[in-house]
Amino acid sequence: LGQSVVKLEKVEPGRLWLSGIDLLDGTPVIDIKPYVPYADIVADARNAIADAPPAPIAVHWSDETLRQAHEHGLRLGQPVRELIEQCLAQDPRPAYQKPPPERRYGVRLWDLDVHWHYPDDGEIRVLDLQRAAD
């Protein structure tokens, strides 16, 4: 299995016409993703849908979650707050999701479970950081 950046020449029902790839005719192509110029970096390629990195989302902390991040940062010897902000500011949810404010999201970083939600459009609030139960 390999990963390649290819040019989509045209789309027909049940068929994609690709160029710039070394495959036998009829080889299945799985897990198609759009070309993202700021990540894939192929000279002269373009994608009008995602031609620039997304604008970062504001990440807000309560006094308690800041304290948790500080304590875990000292314990781990890592800049926990800064790294969580960098990850969350990129809006890790699927682009098609616009969840209700009460929906909680989570991710594991190091041995921490980090939870957050989107109280308003364009805003993330960190809810808590907890040691993973493993």
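## Gln-68 and helix α2

In this predicted model, Gln-68 touches Asp-128 and Leu-129, not counting residues up to four places away in sequence. Gln-68 is placed in helix α2, which covers residues 63–76. Its relative accessibility is 14%, so Gln-68 counts as buried, the limit for that class being under 20%.

One of the two residues touched by Gln-68, Leu-129, is also among the residues with the most contacts inside the largest nonpolar core.

## The largest nonpolar core

How many residues does the largest nonpolar core have? The core has 17 residues, and Ile-84 and Leu-129 are those with the most contacts inside it. At least two residues of this core come from each of α3 (80–89), β4 (105–109), β5 (112–117) and β6 (123–131). Helix α3 gives the most, with four residues. In soluble globular proteins, nonpolar side chains tend to be buried together.

Which residues does Ile-84 contact, leaving aside its neighbours within four places in sequence? They are Trp-61, Leu-109, Val-114 and Leu-129.

## The β1–β2 hairpin

Strand β1, residues 7–12, pairs with β2 in the antiparallel sense, and the pairing runs over five bridges. Within this pairing, Val-11 stands opposite Leu-16 of β2. Two residues lie between the strands of the hairpin, in which Gly-14 takes a positive phi near 75 degrees.

Ser-19 belongs to strand β2. With a relative accessible area of 25%, Ser-19 is partly exposed. Apart from neighbours within four places in sequence, Ser-19 is in contact with Val-6, Lys-7 and Glu-9. Ser-19 and Glu-9 are 10 residues apart along the chain, and their C-alpha atoms are separated by 6.8 Å.

## A nonpolar surface patch

Leu-8, Val-11, Leu-16, Ile-21, Leu-23, Val-29 and Ile-32 make a nonpolar surface patch of about 600 Å².

Is Leu-23 buried or partly exposed? Its relative accessibility is 40%, so Leu-23 counts as partly exposed.

## Salt bridges

Side chains of opposite charge can pair when their charged atoms come close. A search of the whole structure finds 10 salt bridges. Asp-111 and Arg-75 form one, with 2.9 Å between the closest N and O atoms. Asp-111 lies in the loop between β4 and β5 and Arg-75 in helix α2, so this pair ties together parts that are 36 residues apart in sequence. Both partners count as partly exposed: Asp-111 has a relative accessibility of 23%, and Arg-75 has 35%.

Arg-108 and Asp-113 also meet through their side chains in a salt bridge, at 2.8 Å from N to O. Here Arg-108 is partly exposed at 41% relative accessibility, whereas Asp-113 counts as buried at 19%. Glu-123 and Arg-125 form a further salt bridge, with the closest N and O atoms 3.8 Å apart. In this pair Glu-123 counts as buried at 15% relative accessibility, and Arg-125 counts as partly exposed at 31%. A network of salt bridges links Glu-64, Arg-67 and Glu-71.

## Gln-97 in the α3–β4 loop

Gln-97 lies in the loop between α3 and β4. Why does Gln-97 count as buried? Its relative accessibility is 16%, and buried means under 20%. Leaving aside neighbours within four places in sequence, Gln-97 is in contact with Arg-103 and Tyr-105.

Gln-97 and Pro-28 are 69 residues apart along the chain, and a distance of 29 Å separates their C-alpha atoms.

Notes: Residues numbered from 1 in each chain as written. Predicted model: local features only at pLDDT ≥ 70, side-chain atom pairs only at ≥ 80, totals over all residues. Heavy atoms only, no water. Core = buried A, V, L, I, M, F, W, Y, C linked by side-chain atoms within 4.5 Å. Buried < 20%, exposed > 50% of the residue type's maximum accessible area, 1.4 Å probe, protein only. Contact = heavy atoms within 4.5 Å. Patch = residues over 30% accessible without salt bridge, like charges linked within 9 Å, V, L, I, M, F, W, Y side chains within 5 Å. Areas by Shrake-Rupley, 256 points an atom, 1.4 Å probe, with all protein chains shown as cover. Salt bridge = Lys/Arg side-chain N within 4 Å of Asp/Glu carboxyl O. Pairing = 2+ DSSP bridges.
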